[in-house]
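Thanks for making time this morning.

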Amino acid sequence: MASFATHRLRVHDHSRSPVQRFCAFRTCVAEFAPYGIRATYHHLVHSARIPAALEEDPDALVRAVEELHAAREIWRAEQASWVSARRAQKAAGVRVPDPPEPRRLLRCPDPEFHPAGPLPVVMRQILHAPARDLPRCPLCEGSGTKTWHDGFTEHTLCGACGVSLAGRVTEPAPGVVAARAQRWRHVWRRV
């Protein structure tokens, strides 16, 4: 399988068809998705203003993949720093990492409700968020919550930015599952 960097270059390659470039963009989102694949995809489609007809704005895909790349580079730098410090800790016999490994994502289960800021800015906040169910949102410090059900899990979301603070598994709700699937098809097709 090709890497994020390879697919990023394919997005930049204007000799490829818009559909090929779009497929490469989606693969980049699958490789690195700070909000989860669906919410990250939705965020990038809207922030880069990717039209339903890709030929209308061929540079939209480049804007989207570059925003994602900038966030990924911030994460990679933090991860490299942590790995270096962790190696030193292991050599010193420290078995429990301190600080814990930097987070790569804060899940936003509702694909249309996620932080509005640019991904590189939000990525810095994600890196320092605690790795457990959260009493308050680590991104916006909001304490208001909202409940969102995806059909299988009832999520407690930050009321301001959509980050999942907790979730509990519930029985599938057929009507909810079908409605969420239909809504996602509209998001995926950029309708």
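Leaving aside residues up to four places away in sequence, Ile50 touches Phe22, Phe25, Leu44, Val45, Ala60, Leu61, Ala64 and Arg190, where contact means heavy atoms within 4.5 Å. Before going on, please keep in mind that this is a predicted model, in which local features need pLDDT of at least 70 and side-chain atom pairs count only at pLDDT 80 or more, while totals for chains, interfaces and linings use all residues. Residues are numbered from 1 along each chain as its sequence is written, and side-chain values use heavy atoms, with hydrogens and water left out.

Ile50 also belongs to the largest nonpolar core, which has 41 residues, and together with Phe25, Tyr41, Leu68, Met123 and Leu139 it touches the most other members. By nonpolar core I mean a set of buried Ala, Val, Leu, Ile, Met, Phe, Trp, Tyr and Cys residues joined through side-chain atoms within 4.5 Å, buried being under 20% relative accessible area with a 1.4 Å probe, protein chains only. Among the helices (DSSP runs of H or I, at least four residues; strands are E, at least two), α4 gives the most to this core, with nine residues.

Turning to the strands, β1 (145–149) and β2 (153–158) run antiparallel and are joined by five bridges, pairing being defined as at least two DSSP bridges. Three residues separate them in a hairpin, and Gly151 in the turn has a positive phi of about 105°.

Glu154 in β2 stands opposite His149, and Glu154 also stands opposite Arg168 in β3.

Note on methods:
Buried means under 20% relative accessible area, exposed over 50%, partly exposed in between (1.4 Å probe, protein chains only).
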